[in-house]
Amino acid sequence: MPIWVLAYCGAAISIGLWFYGYHMMRQLGNRITLHSPSRGFSMELGSAVTVVMATRLALPVSTTQCISGATVGVGLCAG
C-alpha cells in the first residue's frame, strides 16, 4: 500500500474525530445506556473477545461495530 494512502486515511480519520468525535462519544456514551466503570469493562471485554475470536477464525471485523454492539448489549442487559 502506498504511503500517501496511509497518510491520507490517517488525516481523514483525525479530522473526522476532531470535528465529530465528541458527538459520537456522547451518542454512544450516555444516550444509549448509562456508563459505569464495571459496565465499561464489560463492554471492552466483550468487544475484545469478539475481535480475538473473529481473528482466529480469519473473519474480517470492525472494532467500532464490536464496541457499539457491546454497548447495546450491556444496555439491554441493564434493562
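Hi everyone, let's start at Met1, which counts as exposed because its relative accessibility is 77%; exposed means over 50% relative accessible area, buried under 20%, and partly exposed in between, with a 1.4 Å probe and protein chains only. Before I go on, this is a predicted model, where local features need pLDDT of at least 70, side-chain atom pairs count only at pLDDT 80 or more, and totals for chains, interfaces and linings use all residues. Residues are numbered from 1 along each chain as its sequence is written, and side-chain values use heavy atoms, leaving out hydrogens and water.

Met1 sits in the segment before α1 (3-31). Helices here are DSSP runs of H or I with at least four residues, numbered from the N terminus. Tyr22 lies in helix α1, and at 60% relative accessibility Tyr22 is exposed too. From Tyr22 to Gly40 there are 18 residues in sequence and 18 Å in space, C-alpha to C-alpha.

Now on to α2. This helix covers residues 37-56, 20 residues in all, and reaches 28 Å from its first C-alpha to its last, close to the 28 Å expected at 1.5 Å a residue; that expected span is 1.5 Å times one less than the number of residues.

Which residues of α2 are buried? They are Met43, Ser47 and Ala54. They cover an arc of only 35 degrees around the axis, so they fall on the same side of α2; the arc is taken from the directions from the helix axis to the C-beta atoms. These buried residues pack against α3 (63-78), with contact meaning heavy atoms within 4.5 Å. The face turned away from the buried side carries exposed residues, including Phe41, Val52 and Arg56. After α2 comes Ala58, with a positive phi near 60 degrees.

Methods: Helices (H or I, at least four residues) and strands (E, at least two) are DSSP runs, numbered from the N terminus.
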